[in-house]
Amino acid sequence: MTAPAALLERHPLLCRLAPGQIGRFASAGDVETFDRGEVVVTEGSLGDALYLVLSGAVTVRKGGRVLATLGAGEFFGEMCLVEPATRCADVVAEEPSFLFRMPTTALQTLLEQEPAAANAVLVTIVRVLSDRLRRTNTLLGSVGHLADWLAGSLV
């Protein structure tokens, strides 16, 4: 089902856009509904769309491990904007969820036609990715300290 602009205007990725720009985004993608436990994307499949979580929650999983839980206002699949590649993790609905799926080709066309919108969207994506990288670095640092401690206690 095509997304009404009202569903998208509150999403943090699009909230800085003008109403007309949001309307064009809304008409270029679709809202998809997922039940609890339903797979949204599968690791190894082609990364061909950006997903905005409108409601509900999804988990990002790799090898059966939960890497992240994303709720309303978050997004995933942004790597498809940088390069066409396969998905690096599974994403599964943790509860009934509404997701806005924006195909990469439609998104790239809109971003080319709307440079101001492109700037706002891409800056937000970079901020979120920076935050995710910062959290990952903190986690890896903690794991490194634990490994060093364990190595020292085993000697």
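Is E114 buried or exposed? With a relative accessible area of 15%, E114 counts as buried (under 20% is buried, over 50% exposed, and anything in between partly exposed, using a 1.4 Å probe and protein chains only). The model here is a predicted one, so local features need pLDDT of at least 70 and side-chain atom pairs count only at pLDDT 80 or more, while totals for chains, interfaces and linings use all residues. Residues are numbered from 1 along each chain as its sequence is written, and side-chain values use heavy atoms, with hydrogens and water left out.

E114 sits in the loop between α3 (104–113) and α4; helices (H or I, at least four residues) and strands (E, at least two) are DSSP runs, numbered from the N terminus. Setting aside neighbours within four places in sequence, E114 touches Q21 and R24, where contact means heavy atoms within 4.5 Å. With R24, the E114 side chain makes a salt bridge at 2.6 Å, N to O (a side-chain nitrogen of Lys or Arg within 4 Å of a carboxyl oxygen of Asp or Glu). That bridge spans 90 residues of sequence, with R24 in helix α2 (residues 19–28). R24 itself is partly exposed, at 36% relative accessible area.

The whole structure holds six salt bridges. Another of them pairs R87 with D48, with the closest N and O atoms 4.0 Å apart. R87 is in the loop between β6 and β7 (90–93) and D48 in the loop between β2 (39–41) and β3, so this pair ties together parts 39 residues apart in sequence. D48 also bridges to R101, at 3.1 Å between the closest N and O atoms. Here the partners are 53 residues apart, R101 being in strand β8 (residues 97–103). Shared partners join D48, R87 and R101 into one salt-bridge network. As for cover, R87 is buried at 10% relative accessibility and R101 is buried at 18%, whereas D48 is partly exposed at 32%.

Aromatic contacts come next. The structure has one aromatic pair (ring centres of Phe, Tyr or Trp, the last by its six-membered ring, within 6.5 Å; planes under 30 degrees apart count as stacked, over 60 as edge-to-face, the rest as tilted). Y51 and F76 have ring centres 4.9 Å apart and planes at 5°, so they are stacked. Y51 belongs to strand β3 (residues 49–55) and F76 to strand β6 (residues 75–76), 25 residues apart. Y51 is buried at 4% relative accessibility, and F76 is buried at 6%.
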